[in-house]
Amino acid sequence: MSNAPRTRPLSPHLSIYKPIPTMVMSIVHRITGAALYFGTILVAWWLIAAASGEVYFDFVNDIFSSLFGRLVLFGYTWALVHHMLGGIRHFIWDLGKGFDKDITTKMAWATLAGSIVLTVLIWIIGYSVRMGG
């Protein structure tokens, strides 16, 4: 055992890597996967409230209808869509396709852009159906 200070880390750490789109999307894919657990609990809560009676259902709907509730639901929708697109990206890789550096980067950006666009479209369609057209 030496008392000399270590000049390098024992193992690689995120702080020594330059973030690249594929790495960031991989991390976001894991985060959205974890977030889906929380969001699915909210969906289950809503379904339980629907089965529990009108008063409790109205209570839960009031929470989901608030600004905070809508932001949470919007985030859940985005996490669901982003995670799905990330899964499709991984499926393409499982097929042995899309491993060129420029293609992986384009796929990472497409996952992000696609998840934002699809989430907004889902909410626009949802509001247009709710408002009657």
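Is Phe99 buried or exposed? Phe99 has a relative accessibility of 54%, so it counts as exposed. The cut-offs are these: buried is under 20% relative accessible area, exposed is over 50%, and partly exposed is in between, with a 1.4 Å probe and protein chains only.

Before going on, two notes on the source. This is a predicted model, in which local features need pLDDT of at least 70 and side-chain atom pairs count only at pLDDT 80 or more, while totals for chains, interfaces and linings use all residues. Residues are numbered from 1 along each chain as its sequence is written, and side-chain values use heavy atoms, with hydrogens and water left out.

Now the rings. A pair of aromatic rings is described by the distance of the centres and the angle of the planes. Rings of Phe, Tyr and Trp (its six-membered ring) pair if their centres lie within 6.5 Å; planes under 30 degrees apart are stacked, over 60 edge-to-face, and the rest tilted. By this rule there are six aromatic pairs.

One of them joins Trp45 and Phe64: the ring centres are 5.6 Å apart and the planes are at 85°, so this pair is edge-to-face. Trp45 sits in helix α1 and Phe64 in helix α2, 19 residues apart, and the pair links distant parts of the chain. Helices here are DSSP runs (H or I, at least four residues), numbered from the N terminus. Trp45 is partly exposed, at 26%, and Phe64 is buried, at 11%.

Phe99 pairs with Trp93, and that pair is stacked, with 6.5 Å from centre to centre and 20° between the planes. Trp93 has 18% relative accessibility, so it counts as buried. Ring pairs also link Phe74, Trp123 and Tyr127 into a cluster.

Next, the pocket. A pocket is an open set of points on a 1 Å grid over the protein atoms alone, where a 1.4 Å probe fits, with protein on both sides within 12 Å along at least five of seven lines; lining residues have an atom within 4 Å of a point. The largest pocket has a volume of about 470 Å³, the volume being the space filled by probe spheres set on the points, which are joined across faces, edges and corners. Of its 16 lining residues, the closest to the centre are Trp46, Asn61, Phe64, Leu73 and Trp123. The largest share of the lining, five residues, comes from α4.

Technical notes:
Helices (H or I, at least four residues) and strands (E, at least two) are DSSP runs, numbered from the N terminus.
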